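User: Hi, I'm new to this one and would like a walk through it. Could you put it up on the screen?

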Amino acid sequence: MEEIEQSDSGPATHERPDATAAPHKSPRGARALKSGLRATVVLCLAASVVHVILVFFHVAPANTVSKRYSPLINAWVYPFFEQNWRLFAPDPESVNRQILARTAHTGSDGSVRVGPWFDLTAVDGSAVEHQPFPSHTAQNMLRRAWSSYVDTHGGDDKARTERALMMQKYLTNIAADRVAAHNSGTFDFIQLRVVTMPIASGPLAGNRPPMPAENRLLPWWKVTRHGK
């Protein structure tokens, strides 16, 4: 639409946008981006709701729903979302544990090469010492994995439940990744040794004889081949 104005030099026209003109369409890429963001937000919200529901049934008293869907709930919660109430009722450690690992590799000729013991606990200790904000991984991952392994296996190292087998694989993967990150070489078997040493009693405990250290040797476990 044109608008006419009168002037000394004659009429002048100025173009004015037509209100009835079609609105500007956003590019196809922008529309796709908005749709992708919208779908991502919906998926995140849905995952958050599902997570809260499953954790709620995990910590709630036993009921019909938690008993019926117990395998699904445990598969989601363990081992990453386990609820540990010791934050409010601390149970301090009464022993010092040293977890060591060694690896083995079977050559093409059938020979087996066993590596030296590697101190996993010392690696975590060096990562925590003198660190104002030590990571949760260095402080608790290996320790909690071992505690969960003992809770599910007892003293015979036999996995009789699905959770026991899961905790065994969890501990195995942690040890294999730690060894592979610090040592070069190829290995496809790993073995753990756990030395438990009681903490010395204080002066108020009297003249109690020191308890002997416990040395527990675990079986060889097959792992995904590490190294080159």
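**A buried loop residue and a helix pair**

Analyst: D157 counts as buried, because its relative accessibility is 15% and buried means under 20% relative accessible area, exposed over 50% and partly exposed in between, with a 1.4 Å probe and protein chains only. This is a predicted model, in which local features need pLDDT of at least 70 and side-chain atom pairs count only at pLDDT 80 or more, while totals for chains, interfaces and linings use all residues. Residues are numbered from 1 along each chain as its sequence is written, and side-chain values use heavy atoms, with hydrogens and water left out.

User: Where does D157 lie?

Analyst: D157 lies in the loop between α5 and α6, the latter covering residues 162–182; helices (H or I, at least four residues) and strands (E, at least two) are DSSP runs, numbered from the N terminus. The phi of D157 is near 60 degrees, a positive value in a residue other than glycine. Most residues other than glycine have a negative phi.

User: And H130, is that buried or exposed?

Analyst: H130 counts as exposed, because its relative accessibility is 73%. H130 is found in the loop between α4 (120–128) and α5, and H130 also has a positive phi, of about 65 degrees, although it is not a glycine.

User: Tell me about Q139, then. What does it touch?

Analyst: Leaving aside residues up to four places away in sequence, Q139 touches V128 and P134. Q139 lies in α5, which spans residues 136–153, and counts as partly exposed because its relative accessibility is 38%. The C-alpha atoms of Q139 and G125 are separated by 7.9 Å, with the two residues 14 apart along the chain.

User: Switching to the whole chain, how many helices and strands are there?

Analyst: The chain has six helices and eight strands, and 25% of its 228 residues count as buried.

Methods:
Contact = heavy atoms within 4.5 Å.
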